[in-house]
Amino acid sequence: MQTALSELQPLPEPYPPGIAIEDVSHDLSRIIEHAEVNAWLDLYAAAPADFAASHGLSIAEEDGLAWTSCTTIPFIHFNCVKNFGVDSPATESQLDALLAHYRAAGISRPWFYVNPHTEPSRLRCWLEARGLQRQGGWERIYREAEPLSSEPLFMADGVSVERVTKASASEWAGFIDSRYRLPTSPWLMALVDRKGWHHYMAKRDGAVVAVRSLFIGPDGAAWSGIDAPVPGIMAPSFDLDAVLGEALVRDGIAAGAKLFVADIEAPHDERDGPAYRNYARLGFRIAYFRSHYSYLPASSN
């Protein structure tokens, strides 16, 4: 059996994790991945036509496979194959066609997500044979809709949480764009008051200090994202994200969410630390580590 080079790295020493780790089924992994895919399909559908045209923004879907493109913004989410090998085994011809699509669009660094349930198992070898390399990844976490305790789990001094409204949409969108240095405010503002979307801001002294969103699909699967600053990467503190995460879970359950899906974007080999412990308190468990594959940046060659 072929083994990808990335899988030959030594395993870390065992360490007590700060969160439960589940051996999820193949079927559940599909549901988890589709919670995100459905969010991105709706997010792209909401993009204003002039914004999409000026940025070469598009999403394609064929036989359940979804992939995004954006010619002006080299952001992982905007140029990636969302669920390769998830619904059915991937093929090398599919992979070559997708890479050709991105080359034709002038996109030099497309991304592919790989988790332990994607098929076939040699998918990693196909990616590496074509020059793509594993460049980190995120812990994919989930929880069902069990209610939280009535008492607040997280608090941050002087911080309040607000739902984003049409009146505060530009403030929310501007905060996100300022943190990521992106021009996406017109697109983000189109998501406010859109069916299925719930956006939250944490404020201190009247100023936005953190944001996070939740999309609840028609099937009740909810995906959490559009977060800033990303704790552990863009900010040292995890407190604000924990407060927002609690608001999302409480409101999501009230809105009928049956499953919540999120990510820990600053993973630790020990699977411990503030992000892991905070999500554990919110009832989340690790489903698996999802690896991200792309070409190395030109500057690293």
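This short talk covers the salt bridges and the nonpolar cores of one structure.

The model is predicted, so to speak plainly about limits: local features need pLDDT of at least 70, side-chain atom pairs count only at pLDDT 80 or more, and totals for chains, interfaces and linings use all residues. Residues are numbered from 1 along each chain as its sequence is written, and side-chain values use heavy atoms, with hydrogens and water left out.

I start with the charged pairs. A search of the whole structure gives 19 salt bridges, where a salt bridge is a side-chain nitrogen of Lys or Arg within 4 Å of a carboxyl oxygen of Asp or Glu.

Look at Arg140. One of its partners is Glu33, with the closest N and O atoms 3.3 Å apart. Arg140 sits in strand 5 (residues 133–144) and Glu33 in helix 1 (residues 26–45), so this pair links distant parts of the chain, 107 residues apart. Helices (H or I, at least four residues) and strands (E, at least two) are DSSP runs, numbered from the N terminus.

Arg140 also meets Glu36 in a salt bridge, at 2.9 Å from N to O. Because Glu36 is in helix 1 and Arg140 in strand 5, the pair ties together parts that are 104 residues apart in sequence.

Are these residues buried or exposed? Arg140 counts as buried because its relative accessibility is 0%; buried means under 20% relative accessible area, exposed over 50%, and partly exposed in between (1.4 Å probe, protein chains only). Glu36 is buried too, at 2%, and Glu33 is likewise buried. Glu33, Glu36 and Arg140 belong to a network of salt bridges that also links Asp263 and Arg290.

Another pair is Asp227 with Arg212, at 3.1 Å between the closest N and O atoms. Asp227 is in strand 9 (residues 221–228) and Arg212 in strand 8 (residues 207–216), 15 residues apart. Both Asp227 and Arg212 are buried.

Now the nonpolar side. In soluble globular proteins, nonpolar side chains tend to be buried together. A nonpolar core here is a set of buried Ala, Val, Leu, Ile, Met, Phe, Trp, Tyr and Cys residues joined through side-chain atoms within 4.5 Å.

The largest core has 40 residues, and Leu43, Trp172 and Ile226 are among those with the most contacts inside it. Helix 1 supplies the largest share, 6 residues. Ile226 touches, among others, Leu43, Trp197 and Arg212, not counting residues up to four places away in sequence; contact means heavy atoms within 4.5 Å.

A second, separate core has 31 residues, including Phe238 and Tyr279.
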